[in-house]
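Q: Could we go through this fold together? I would like to begin with the sheet and then turn to the helices.

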Amino acid sequence: APPLPSPPELPLRPPVLCPGCAHRGAFYVLKRLGAYVCGDIGCYSLASLPPLASMHTCLAMGAGISQAHGISRALGNQSATIAVIGDSTFTHTGLPALLNAVYNQSRIVVVILDNRSTAMTGGQDHPGTGRTLMGDRVPAMDFVTVARAVGVEFVERVKAGDTDALEGALRTGLDR
């Protein structure tokens, strides 16, 4: 058989959030605010790259809240520090970090980006979706109720894509 021709070179493209991703608007707002943003593993870790370039740390599942807490405490709770975490990651490892930050009176803002899925690894359900991996309907964990239950005083739910409402909520949270 004759040798196959070499494939054409593809244009270089850095990894980016998916077209239409609701997280894109959140990171646009975070960049505009100029706050120090701590995140963790997840598709939104791509927000550390251009064009969004709005996430400053990325370590492991749940680490964004812990890092924001540590940075805030190290700076005497005077920094504008925001933690960003996805809904699935929050149910797996974020809840203990949030509880610890509240318990230790950390002055951080935590943003839970809820797309009702474990999106980065294939769309699996988690305790916030209301379905088990076997498809059974179960009570969905309510993030607002949980945050209030562990002692978070200011909690605001914002619809994905409503960047004005998100910016308002973040500014209120940072002012507190």
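Q: What is the order of the strands in the sheet, and is the pairing parallel or antiparallel?
A: The open sheet has 4 strands in the order S2-S1-S3-S4, with parallel pairing. Strands are DSSP runs of E with at least two residues, helices are runs of H or I with at least four, and both are numbered from the N terminus; two strands pair if DSSP finds at least two bridges between them. This is a predicted model, in which local features need pLDDT of at least 70, side-chain atom pairs count only at pLDDT 80 or more, and totals for chains, interfaces and linings use all residues. Residues are numbered from 1 along each chain as its sequence is written, and side-chain values use heavy atoms, without hydrogens and water.

Q: Which are the edge strands?
A: Strand S2 (57-58) and strand S4 (109-113), each of which pairs on one side only.

Q: And how many bridges join S1 and S3?
A: S1 (residues 36-39) and S3 (residues 81-86) pair in parallel over 3 bridges. Tyr36 has Thr81 of S3 as its bridge partner.

Q: Turning to helices, at what angle do H2 and H3 cross?
A: The axes (lines fitted to C-alpha atoms over the stretch in contact, with angles from 0 to 180 degrees between N-to-C directions) of H2 (residues 63-74) and H3 (residues 87-103) cross at roughly 20 degrees and come within 8 Å.

Q: Which residues make the contact?
A: H2 contributes Ile65, Ser66 and His69, while H3 contributes Phe90, Gly94, Ala97, Leu98, Asn100 and Ala101; contact means heavy atoms within 4.5 Å.

Q: Where does H5 lie?
A: H5 (residues 163-175) lies across S3 and S4, at about 150 degrees to S4.
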